[in-house]
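Student: I'd like to learn how to read a model like this one, feature by feature. Could you walk me through it?

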Amino acid sequence: MKQSRPAEQESADKWEVQLRKGCLELAILAALWEGKLYGLEILRRLESDSDLVVSEGTVYPLLSRLKVLGLVRSEWVESDSGHPRKYYALTPAGKQRSREMAAMWMRFSSSMNRLLAPLAQR
Amino acid sequence: MTTPDSQQKVDAYLEKLRRLLRGMNPEDAREIIEELRSHITEKTAVSGQLTAAAVSAALSELGTPEELAGQYTTDDLLMRAEVSRSPVRILESLFRWASLSVAGFFVLLGSIVGYFLGGAFMWCAVLKLIHPQTAGLWLLADGPGVTRLSLRMGFGSPPLGGRDLLGWWIVPVGLVAGCGLVMLTTRLALWCARQYRKSLALPWG
């Protein structure tokens with residue numbers, strides 16, 4: 001059962017969810033920037049390098065979507081522990097797209113930061 | 001090693017997902033299942049104890065097979081649409097979505113009606129060029145004071161007491177209305193798919 005909460009809190013949560021959702025694609029591409037990773041490594045990278053807590057059931061479908069869009073490619077690699085892992089790596093198109101998205105993000109966040117600076121001061 | 005019970009649970013989960021992904025490219029579906037199997041194996045191995053609890057935790061973090069299949073399916077639909085807006089492709093994905101949820105079923109139903117009407121208008125426009133006497137948008141008199149509009153696409157003889165409302169105008173009007181209906185249906189179906197996608201398991205936390 002969901003606890004009933006004030007409407008403002010509810011809508012702030014919704015906003016945060018949308019915000020995080022919008023960043024997930026870029027976060028995954030960024031996690032792959034330095035080299036190939038398999039699904040669970042991507043999840044762990046997102047959790048350790050950022051405080052983004054990601055639901056597992058969302059990352060795998062998103063990875064297969066990025067693959068069809070040609071931004072990542074995948075290959076199966078046999079692991080020491082005996083089961084194969086599906087590794088993902090950025091394609092040249094994926095690298096270019098991540099750079100573009102990163103640049104957009106930097107521009108956007110620096111203007112937002114300027115705008116928000118007065119609000120952050122206590 | 002995993003206890004037989006837990007292994008059965010994983011197999012049942014993946015089998016259910018496999019059935020829900022049926023209709024997708026078989027190779028893609030197989031890869032999805034194998035990738036998730038690998039994920040679950042590693043997830044439960046890391047937790048040290050291969051208990052029923054570890055397996056349950058790993059599965060619940062992935063979401064239900066229906067939720068997962070819903071994400072793969074609607075992603076697939078939206079992606080196909082980004083690559084090609086072919087109604088056939090879209091209907092194909094909608095059939096799969098319809099097997100997963102009531103929402104999908106109604107979107108499929110609406111889309112079939114939309115595409116059918118769109119197709120009928122275009123067909124009528126083309127047929128007018130071949131059979132100008134019978135094709136077109138006709139106002140038919142069924143009886144005294146009873147009239148109905150009919151999009152005539154047949155070959156037979158021109159209907160008695162009927163009036164061809166648009167004449168040659170059915171050609172441009174039919175083509176525009178037909179294309180418009182097809183595009184509108186596609187957009188509406190994609191919009192519904194996006195809304196559904198949003199309503200599925202929150203991506204974070």
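Tutor: Happy to! Let's start with a definition: two strands count as paired if DSSP finds at least two bridges between them. Keep in mind that this is a predicted model. In chain A, E2(A) and E3(A) form a hairpin with 5 residues between them.

Student: Which residue in the turn of that hairpin has a positive phi?

Tutor: That is Gly82(A), with a phi of about 100°. For one pair to look up, take Ser74(A), whose bridge partner in E3(A) is Tyr88(A).

Student: How should I read the order of strands in the sheet of chain A?

Tutor: The general idea first: strands of a sheet pair through backbone hydrogen bonds, either parallel or antiparallel. Here, 3 strands make an open sheet ordered E1-E3-E2 (chain A), with antiparallel pairing. Strand E1 (37–38) and E2 of chain A are at the edges with a single partner strand each, so one side of each has no neighbour in the sheet. E1(A) pairs with E3(A) over 2 bridges, in the antiparallel sense, and Tyr38(A) is found opposite Tyr87(A) in E3(A).

Student: Which helix packs on that sheet?

Tutor: Helix H3 (residues 56–68) of chain A does, touching E2 and E3 of chain A. The direction of this helix makes about 120° with that of E2(A).

Student: What is the strand order in the sheet of chain B?

Tutor: The order is E2-E1-E3 (chain B), in an open sheet of 3 strands with antiparallel pairing. Strand E2 (146–152) and strand E3 (163–164) of chain B are the edge strands, each pairing on one side only. Strand E1 (residues 136–143) of chain B pairs with E3(B) over 2 bridges, with Leu139(B) opposite Arg163(B).

Student: Now for helix packing. At what angle do H5 and H6 of chain B pack?

Tutor: Helix H5 (residues 87–98) and helix H6 (residues 102–130) of chain B pack at about 155°, and their axes are 8 Å apart. An angle over 145 degrees counts as roughly antiparallel, and H5(B) and H6(B) are therefore roughly antiparallel to each other. The crossing is left-handed. Among the contact residues are Leu91(B), Leu94(B) and Phe95(B) from H5(B), and Phe105(B), Val107(B) and Leu108(B) from H6(B). By class, the contact of H5(B) with H6(B) has 10 nonpolar, 2 polar and no charged residues.

Student: How many residues does each chain bring to the contact between chains?

Tutor: Chain B brings 23 residues and chain A brings 24 residues. On the side of chain B that touches chain A, helix H2 (26–46), helix H3 (52–62) and helix H4 (65–83) of chain B each supply at least two residues. H2(B) gives the most, with 9 residues. That side of chain B divides into 11 nonpolar, 6 polar and 6 charged residues.

Student: What ipTM and pTM does the predictor give the complex?

Tutor: The complex gets an ipTM of 0.82 and a pTM of 0.66. For chain B, pLDDT averages 81, and 84% of the residues score at least 70.

Student: Where in chain B does pLDDT stay under 50?

Tutor: Over residues 201–205, for which the model has 21 contacts beyond four places in sequence. Where pLDDT is low, the predicted coordinates should not be read in detail.

How values were computed: Residues are numbered from 1 along each chain as its sequence is written. Chains are lettered from A and ligands numbered from 1 in the order in which they are written. This is a predicted model: local features need pLDDT of at least 70, side-chain atom pairs count only at pLDDT 80 or more; totals for chains, interfaces and linings use all residues. Helices (H or I, at least four residues) and strands (E, at least two) are DSSP runs, numbered from the N terminus. Axes are lines fitted to C-alpha atoms, for helices over the stretch in contact, and angles run from 0 to 180 degrees between N-to-C directions. Angles under 35 degrees count as roughly parallel, over 145 as roughly antiparallel, 65 to 115 as roughly perpendicular and the rest as oblique. A crossing is left-handed if the near helix is turned anticlockwise from the far one by less than a right angle, and right-handed if clockwise. Two residues are in contact if their C-beta atoms, placed from the backbone, lie within 7 Å. Ala, Val, Leu, Ile, Met, Phe, Trp, Tyr, Cys and Pro count as nonpolar, Asp, Glu, Lys and Arg as charged, and the others, Gly among them, as polar. pLDDT is the predictor's confidence in each residue, from 0 to 100.
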